[in-house]
Amino acid sequence: MIVIQNESLLNLLKIKYTLPNIHRLIDHLKSQELFHFPISENGLFSAAIAKGEREYIGYKNVWVRDNIYVAYSHYINGEINVAFNNLKTLMSYFKKHRNRFTGIIEGKVNPANSMERPHIRFDGQTLEEIDQQWNHAQNDALGYFLWFYCKLANEKLLPIQSEDLEILALFPFYFQAVCYWEDEDSGHWEEERKIEASSIGTVIAGLREMKQLLTDTLLASQCQYNNKFVTVELLDKLINQGTSALNQILPFECIQSPPQERRYDAALLFLIYPLQVIEGEMADCILNNVINNLQGDYGIRRYLGDSFWCRNYKDIPEEIRTTISIEREQWFKEQGQELQIEQEAQWCIFDPTVSAIFGLKFQKSQQAKHLEQQTHYLNRSLGQLTGKGCELGEFKCPELYYLQDGHYIPNDATPLLWTQANLWTALKIMEESLQYLQY
């Protein structure tokens, strides 16, 4: 059973799609401006479209990670210029704040202080840092940028200047300085620091793309910092250190002692797609772990015991809502309201990713069961689109659904551009799978 929020989609959703079906569906969604991504003049995207009383969530700002996913969806759908302009401006941001890298590389600041790390959330209009305490220790965000920037450069879709190479050189030296393979960072969910497989894997993806880029000897000769060259040998060493650590942790997200230990985390899906760092049996294990332990009727939980947008979230004082999860959980205990399993928020960014994963499995194997799963999770994703009665608007992609007064409703970060991007990508991969059936 699939929960459908927007009943007007019922005639368009199919158990088995054909190319005309999927094209008709995509055309309808476009007519509803579902894939409208408000973009600034410099090519960056805010995290969500939240106006008026919903601005408190702070999603008008730019996150590096979210921008990569939105830019990637444009790349997949053939809008290369959008991806190019986005990466160009992100590069300008890192150039402007290169001292965040060099301070750590040179040992001038303490990486234990997350505010001394490269800031992964900033003002997208001015490219200035935001003067607010934040968990900026997020190796995954930096890994995503390195991965996508080098990927487009490797595909000859993005020309590189010598100054760009000087900035790219900072990334491996930075990852080396913080020992990313054993570094406690805040990861995808910007919470308490721990050694996270999803962060390690994302950095590996970035280093692999950079290694491919530097097989061009001309580029390699310009990729240096402070007269130190980024060599293939250095990248191999960093990749091997990360891979060794990743193999010890997977299929867990974190194997440190409680409360840091985490067996299941949906962020690991991204190592399967789009990063393709994990394949084969391990990828299947992680996929099954997410489906069997984190999947709900309205979406997929980030992890068990997640207190962000948990049950009756708006009844929690705002100063507690916006703090880190340990402090939220302590507040619950003090109120005698310990969070119960299955009261976590169910997110909408994951079902499209699961659909894409099954899509790639189908395209490789041609097994009908994989196409069926691809279709099922695409339909789950479409079922999450808001309906006519939603106060946030119709045909919107929520960040998540949370339990308020016994009912699951979308949260205030609606529409979330990361969700839109993942759904748009999933639809493209479904179109590609259906094209396989014609041959």
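Predicted model: local features only at pLDDT ≥ 70, side-chain atom pairs only at ≥ 80, totals over all residues.
A residue counts as buried here when its relative accessible area is under 20%. By that cut-off Y377, at 2% relative accessibility, is buried.

**Aromatic rings**

The structure holds 39 aromatic pairs. One of them joins F308 and W347, whose rings are tilted, with 6.2 Å from centre to centre and 35° between the planes. This pair links distant parts of the chain, since F308 lies in the loop between helix 11 (280-293) and helix 12 (318-321), while W347 lies in strand 5 (residues 346-347), 39 residues apart. F308 counts as buried because its relative accessibility is 17%, and W347 counts as buried because its relative accessibility is 4%.

A second example is the pair of F358 and Y377, which is stacked because the ring centres are 6.0 Å apart and the planes stand at 15°, and planes under 30 degrees apart count as stacked. Here, too, distant parts of the chain are linked: F358 belongs to helix 14 (residues 351-365) and Y377 to helix 15 (residues 368-383), 19 residues apart. F358 is buried, with a relative accessible area of 6%.

Ring pairs also link a set of residues into a cluster, among them Y69, W189, F308, W347 and W418.

**Helix 2**

Helix 2 (residues 64-76) has 13 residues, which at 1.5 Å a residue should span 18 Å, and this agrees with its end C-alpha atoms, which are 18 Å apart. Because 13 of the 13 residues of helix 2 are buried, the helix is largely enclosed by the rest of the structure. Just after helix 2, G78 takes a positive phi of about 85°.

**Salt bridges**

Side chains of opposite charge can pair when their charged atoms come close.

| Salt bridge | N to O distance |
|---|---|
| D140 and R65 | 2.7 Å |
| R100 and E129 | 2.7 Å |
| E191 and R302 | 3.1 Å |

In the salt bridge of D140 and R65, D140 lies in helix 5 (residues 139-154) and R65 in helix 2, so the pair ties together parts that are 75 residues apart in sequence. Both D140 and R65 are buried.

The salt bridge of R100 and E129 links R100 in helix 4 (residues 99-105) with E129 in the loop between strand 2 (121-122) and helix 5, 29 residues apart. R100 is buried, with a relative accessible area of 16%, whereas E129 is partly exposed, with a relative accessible area of 24%. R100 and E129 are also linked with E116 in a network of salt bridges.

For the salt bridge of E191 and R302, E191 lies in the loop between helix 6 (162-177) and helix 7 (197-213), and R302 lies in the loop between helix 11 and helix 12, so the pair ties together parts that are 111 residues apart in sequence. E191 counts as buried at 6% relative accessibility, and R302 is buried with a relative accessible area of 3%.

Conventions:
Residues numbered from 1 in each chain as written. Heavy atoms only, no water. Phe/Tyr/Trp six-rings, centres within 6.5 Å; stacked < 30°, edge-to-face > 60°. Helix = DSSP H or I, 4+ residues; strand = E, 2+ residues; numbered from the N terminus. Buried < 20%, exposed > 50% of the residue type's maximum accessible area, 1.4 Å probe, protein only. Expected span 1.5 Å × (residues − 1). Salt bridge = Lys/Arg side-chain N within 4 Å of Asp/Glu carboxyl O.
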